[in-house]
Amino acid sequence: REAYPTIWHTKQLIRKISEEREVVLYCDLHGHSRKQNVFIYGCDKIQDPSVRLRSRVFPKMLSLNAPNKFSYKGCNFKVQKNKVGTGRVFMWNEIGIINSFTMEATFCGSNLGKGSGYHFSTKEFEMMGYHLCDTLLDYCDPDHTKVDYILTQLTEEYRQ
């Protein structure tokens, strides 16, 4: 608490909010220097396939909304031991936020679609923020058609 008061208070705030309502998304935004594209580090519960697939719906939807920037294949959902103290793992493990991510935006540009071979500009990073918010709206839509469709796709992929 004394060493990192901002982090401690943020955790307490999110814990309190989660007692009153569902926290749909926790997302740290980071820059990455070695991998291309924008991608997500998530959290996996291998023991429970339904939770495992559910935590992949948002990133899959994001990949459909931003196909020239976001790489679903570049995402990694395994929690390494050295990442246990990160915000995403805390929010997933202690608060129970299924969509708890670190979104990494590359400094190297994209190798997807029209943006392939070029560095991202400020405009592309701004558009990625737009796509993140747009995907959140899709995810929270009272009509669950899009979420159900993606969950069905992921279930079929998981069975293969």
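Reader: At what angle do helix H1 and helix H3 pack?

Author: This is a predicted model. Two packed helices are described by the angle between their axes and the distance between the axes. Helix H1 covers residues 5-20 and helix H3 covers residues 87-95. Their axes lie 11 Å apart, and the packing angle is about 35°.

Reader: Which residues of H3 make the contact with H1?

Author: The crossing of H1 and H3 is right-handed. H1 contributes Lys11, Ile14, Arg15 and Ser18 to the contact. By class, the contact of H1 with H3 has 4 nonpolar, 1 polar and 2 charged residues. On the H3 side, the residues are Phe90, Met91 and Ile95.

Reader: Which strand gives the most to the lining of the largest pocket?

Author: The largest pocket has a volume of about 230 Å³, and its lining divides into 1 nonpolar, 6 polar and 5 charged residues. Among the lining residues are Asp28, His30, His32, Thr102 and Glu104. Strand E1 (26-32) and strand E3 (100-106) each supply at least two residues of this lining. The most, 3 residues, comes from E1.

Reader: Which element supplies the largest share of the lining of the second largest pocket?

Author: The second largest pocket holds about 170 Å³ of space. Its lining includes Thr6, Ile7, Thr10, Lys11 and Met91, and the elements that give two or more residues to it are H1 and H3. By class, this lining has 3 nonpolar, 5 polar and 1 charged residues. The largest share, 4 residues, comes from H1.

Note on methods
Residues numbered from 1 in each chain as written. Predicted model: local features only at pLDDT ≥ 70, side-chain atom pairs only at ≥ 80, totals over all residues. Heavy atoms only, no water. Axes fitted to C-alpha atoms, helices over the stretch in contact; angles between N-to-C directions. Left-handed = near helix turned anticlockwise from the far one by under 90°. Contact = heavy atoms within 4.5 Å. Nonpolar A, V, L, I, M, F, W, Y, C, P; charged D, E, K, R; others polar. 1 Å grid on protein atoms, 1.4 Å probe; cavity = no way out; pocket = protein on both sides within 12 Å on 5 of 7 lines; lining within 4 Å. Points joined across faces, edges and corners; volume = space filled by probe spheres on them.
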